[in-house]
Amino acid sequence: MNNDKMKKGFCVIMFLLGVVTATHAEILPKDSTQTRGLKQYTFVPKGQWIIGGTVSYTEMSGNNYQFLVIEGINGNGYSFNVSPMFCYMFGNNIGAGGRFSYDRSLIKLNSAEINLSDDTKFNINDLYRLGHNYSGMAILRNYISIGNNMRFGLYNETQLHIGGGESKIVSGSGETVEGTFERNFSVGINLAPGITAFINNFMAIELNVGLLGFKYSSNTQATNQVYMGKTNSTSASFQINLFSIGLGLAFYI
């Protein structure tokens, strides 16, 4: 068999395969679909109200502690956050609502040294910072059932927030003490996934953590009531923030 005959035979075979494929496609009904067999169960039904909130508290303490390039950290502090919320389920497993958040933090740093190299070192002593922030949020919640289990489920909360706050910073001691008063304003969007576990048909425990966020902030500062300053910044984060883990309680009515 010469090359011309082989080429003609190959072309005939490809033509027949094309006819078979086209014929098979015509035989299939127009409304036929193929699925992977995945089913989404209704975890929270349409028309339900959710009222609840989250609370988180973090306490910090260091005695000659070292973190990256910061050495000899001596101090303590805390961070407290409370966030009530409400949500209406306008569809199965999806709802919208609002949330209010209040955050208060305190840092007392007695001493620390920033060691960048043998020739570049900075000392920080007697630093005190007290601040509080507040924000209002529009939220969108999506629930995902874990199989056909109606007690445990996953959810994601998309938050569009606007807020502000105040803080005061005091550094130094004796005659070298300096004070700075700061006000801030911020807008942004966050994604906060979590897990919920129903205790009964009307009450559930929630655990969430901040994951993704975009934020624009504006800060104004006044040092010793003489020097004024202003900064604007835009930031984005994509990481699990272990310091933003919140434990919540929600009532489904």
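Tutor: Gladly! Let us start with a term: a residue is called buried under 20% relative accessible area, exposed over 50%, and partly exposed in between, using a 1.4 Å probe and protein chains only. By that rule, 27% of the 253 residues of the protein count as buried. Please keep in mind that this is a predicted model: local features need pLDDT of at least 70, side-chain atom pairs count only at pLDDT 80 or more, and totals for chains, interfaces and linings use all residues. Residues are numbered from 1 along each chain as its sequence is written, and side-chain values use heavy atoms, leaving out hydrogens and water.

Student: What makes a stretch of the chain a helix or a strand, and how many of them are there in the protein?

Tutor: Both are DSSP runs, numbered from the N terminus: a helix is H or I over at least four residues, and a strand is E over at least two. The protein has 1 helix and 10 strands. Read from the N terminus, their order is α-β-β-β-β-β-β-β-β-β-β.

Student: What makes a group of residues a nonpolar core?

Tutor: The members must be buried Ala, Val, Leu, Ile, Met, Phe, Trp, Tyr or Cys residues, joined through side-chain atoms within 4.5 Å. The largest such core here has 14 residues, and Val44, Ile50, Met89, Tyr143 and Tyr252 have the most contacts inside it. At least two residues of this core come from each of strand S2 (70-91), strand S4 (121-146) and strand S10 (246-252).

Student: Which residues is Met89 in contact with, leaving aside its neighbours within four places in sequence?

Tutor: Contact means heavy atoms within 4.5 Å. With those neighbours left out, the partners of Met89 include Val44, Ile50, Ile94 and Tyr143.

Student: How do you know that Glu157 and Arg99 form a salt bridge?

Tutor: The term asks for a side-chain nitrogen of Lys or Arg within 4 Å of a carboxyl oxygen of Asp or Glu. The closest N and O atoms of Glu157 and Arg99 are 2.9 Å apart, so the pair qualifies. This pair links distant parts of the chain, with Glu157 in strand S5 (residues 149-171) and Arg99 in strand S3 (residues 94-115), 58 residues apart.

Student: Why are Glu157 and Arg99 both called buried?

Tutor: Glu157 has a relative accessible area of 2% and Arg99 has 7%. Each value is under the cut-off, so both residues count as buried.

Student: What other salt bridges do Glu157 and Arg141 take part in?

Tutor: Glu157 meets Arg141 at 2.7 Å, N to O. Arg141 also forms a salt bridge with Glu206, with the closest N and O atoms 2.9 Å apart. Arg141 lies in strand S4 and Glu206 in strand S7 (residues 203-208), so this pair ties together parts 65 residues apart in sequence. Through shared partners, salt bridges join Arg99, Arg141, Glu157 and Glu206 into one network.
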